[in-house]
Amino acid sequence: METAPKLGRDVPPKKDKLQAKKKKPRRYWEEETPPTAAGAFPGPPRKLKRNRELRPQKPKNIHIRKKSRISKKPQVPKKPRERGPQRSLSGAQDPFAGPAPVPGEVVQKFRRVDKSKKLPRSKSKTRSRLEAAEAEEEEVSVRAARSELLLAEEPGFLEGEDGEDTARIRQADIVEAVDIASAAKHFDLNLRQFGPYRLNYSRTGRHLAFGGRRGHVAALDWVTKKLMCEINVMEAVRDIRFLHSEALLAVAQNRWLHIYDNQGIELHCIRRCDRVTRLEFLPFHFLLATASETGFLTYLDVSVGKIVAALNARAGRLDVMTQNPYNAVIHLGHSNGTVSLWSPAMKEPLAKILCHRGGVRAVAVDSTGTHMATSGVDHQLKIFDLRGTFQPLSARTLPQGAGHLAFSQRGLLAAGMGDVVNVWAGQCKASPPLLEQPYLTHRLSGHVHSLQFCPFEDVLGVGHSGGITSMLIPGAAEPNFDGLENNPYRSQKQRQEWEVKALLEKVPAELICLDPRALAEVDVISLEQKKKERIERLGYDPEAKAPFQPKPKRKGRSSTASLVKRKRKVMDEEHRDRVRQSLEEQPQKQEKAAKPTGARPSALDRFVR
């Protein structure tokens with residue numbers, strides 16, 4: 001009798017329909033399955049245990065000792081491995097591996113921390129924080145230096161041919177040589193019936209406001225020539241200023257100070273500021289400074305509508321005023337030839353500079369706060385250094401005294417003398433202008449009444465008795481602007497967001513001083529005075545080091561003799577430290593007390609120790 005064959009021994013099993021299909025080709029990322037025995041069933045595929053394969057295996061039978069928080073041995077930082085040249089995916093070697101080098105001069109321009117000053121002696125925690133802040137500041141300055149490569153625009157100046165004087169080049173010749181967009185920035189507004197005019201550009205350089213002596217007030221987008229508002233206040237206009245944005249306008253009229261919006265609607269009439277002659281707006285403090293005929297300098301906080309300070313200059317009528325953009329200090333020119341520097345935190349002037357033999361007619365300060373230009377009745381034009389010395393750097397006698405002065409963003413100086421405007425240029429932005437030879441000269445149709453350079457544009461706005469003139473001054477403005485601070489192309493939504501941010505970051509008026517960097521330093525004199533007063537009030541020094549008191553020990557080791565011995569040991573160590581410190585300071589004192597090398601020796605030198 002025949003028996004049926006068992007499965008898997010003699011007769012091969014029947015092929016399943018799934019196995020009968022064509023075998024799929026193996027992809028390059030799949031692992032090759034191990035070959036099975038002939039006729040054996042491959043079975044289900046195994047799942048790869050990736051976690052076990054990727055996780056590093058710890059060696060067995062090794063006891064790992066836990067590290068204590070307080071390490072006994074000083075930990076030496078490991079040296080970084082010296083990696084070879086990096087290669088890309090294709091295998092090619094990068095010829096310029098690592099970050100691109102940055103010139104030190106460019107980094108120094110963006111550096112704010114003075115590395116010449118050493119860190120003060122302080123606790124380790126405070127010192128580590130100071131070092132971390134310095135490292136972060138260094139990294140930020142390097143990033144700013146690298147991003148300067150992205151600034152595409154470069155400043156340029158007008159250069160003549162060999163032996164050609166650029167002062168003889170007329171505005172018509174410049175308009176013919178430049179492109180159409182730049183030529184459209186030169187124009188003349190004939191407003192002879194309402195002149196003379198005072199003008200002011202907004203901080204973005206996009207809008208222009210001007211006011212005539214006979215009451216004509218207007219504001220426009222001077223790039224597109226779109227008129228924003230035009231009114232007649234039926235009163236003499238002495239000065240005009242934009243506030244923090246082009247939406248608000250301050251006008252000093254014959255009696256009081258008035259605030260208008262960009263549609264010409266009167267918003268406020270401030271009667272406490274009466275008979276105002278000059279206006280200046282401090283953008284980072286939201287302060288409007290006014291100078292009056294009565295001799296008062298008034299600071300108005302436009303964010304809350306309150307007068308911060310009203311200072312009596314005690315110098316008669318005030319009609320010469322400007323601000324220092326670097327530290328927000330107001331400069332006033334007086335009829336006795338002096339220029340006084342004022343801050344709302346002080347009732348007396350911060351400094352007084354004797355500039356001219358006669359009265360001061362005009363004052364201007366450059367954007368870096370380094371140089372100040374003054375002109376007086378004695379026909380003198382002088383450049384002063386404001387970095388603590390207040391000494392004149394250069395002077396020039398003009399045929400007519402300059403009645404109006406203005407500095408550009410790159411250090412060009414414009415002076416209005418009668419119906420002539422002269423512009424002087426320096427060697428670079430930080431250098432004072434050279435007064436020997438004028439850079440450009442232009443004659444107007446009326447006497448100059450106001451001067452101002454347009455921000456971020458090579459344009460000089462001149463208000464005169466015949467209207468408004470826009471002159472082209474190549475190389476006058478900064479070619480690259482900060483879009484987060486002053487964006488000429490911002491929308492209304494962006495302007496509103498910027499206003500909120502500027503209000504939150506408003507600088508208090510009490511912080512205005514000559515050296516703004518002193519705000520980050522410690523006033524050692526005041527600190528010592530407060531400490532002395534505190535000691536006198538309490539009767540003892542609470543910060544004095546308490547005398548050493550040894551802790552009692554057990555097992556008979558806290559006897560009187562052992563306590564005295566431990567006290568004596570600590571006293572000897574402190575005495576040894578004081579002696580060592582005095583020995584270290586002794587050579588320095590001897591160097592200071594040493595006589596100069598050229599002095600004759602004396603017979604008494606043998607007794608000097």
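Let's start with D301, which is buried, at a relative accessible area of 10%. By buried I mean under 20% relative accessible area, while exposed is over 50% and partly exposed is in between, with a 1.4 Å probe and protein chains only. Before I go on: this is a predicted model, where local features need pLDDT of at least 70 and side-chain atom pairs count only at pLDDT 80 or more, while totals for chains, interfaces and linings use all residues. Residues are numbered from 1 along each chain as its sequence is written, and side-chain values use heavy atoms, with hydrogens and water left out.

So who does D301 pair with in a salt bridge? The partner is K506, and the closest N and O atoms are 3.2 Å apart. A salt bridge here is a side-chain nitrogen of Lys or Arg within 4 Å of a carboxyl oxygen of Asp or Glu. D301 sits in strand β12 (residues 296–301) and K506 in the loop between α7 (492–504) and α8 (524–538), so this pair ties together parts that are 205 residues apart in sequence. When I say helix or strand, those are DSSP runs numbered from the N terminus: H or I with at least four residues for helices, E with at least two for strands.

Another one joins R198 and D239, with the closest N and O atoms 3.4 Å apart. This pair also links distant parts of the chain: R198 is in strand β2 (residues 197–201), D239 is in strand β6 (residues 237–242), and they are 41 residues apart. Both R198 and D239 are buried.

For a contrast, have a look at D173 and R170. They form a salt bridge too, with the closest N and O atoms 3.7 Å apart. Is R170 buried or exposed? It counts as exposed, because its relative accessibility is 55%. D173 is partly exposed, since its relative accessible area is 32%.

Now back to β6, for the sheet. There's an open sheet of four strands in the order β6-β7-β8-β9, with antiparallel pairing. Its edge strands are β6 and β9 (266–274), each pairing on one side only. Two strands pair if DSSP finds at least two bridges between them. For β6 and strand β7 (residues 248–253), there are five bridges, in the antiparallel sense.

How many of the five residues of strand β23 are buried? Five of the five, across residues 413–417, so the strand is largely enclosed by the rest of the structure. Both faces are covered: L413, A415 and M417 are buried on one side, and A414 and G416 on the other.

With strand β24 (residues 420–424), β23 pairs over five bridges, and L413 stands opposite W424. That one is a hairpin as well, with two residues between the strands, and G418 in the turn has a positive phi of about 70°.

First, G376, in strand β19 (residues 371–376). It is buried, with a relative accessible area of 0%. What does G376 touch, not counting residues up to four places away in sequence? H356, G359, V360, R361 and G401, where contact means heavy atoms within 4.5 Å. The C-alpha atoms of G376 and C355 are separated by 8.2 Å, and the two residues are 21 apart along the chain.

And then H442, which you'll find in strand β25 (residues 440–443). H442 is buried as well, with a relative accessible area of 18%. Leaving aside neighbours within four places in sequence, H442 is in contact with Q171, D419, V420, V421 and M471.

That's my tour, so over to you.
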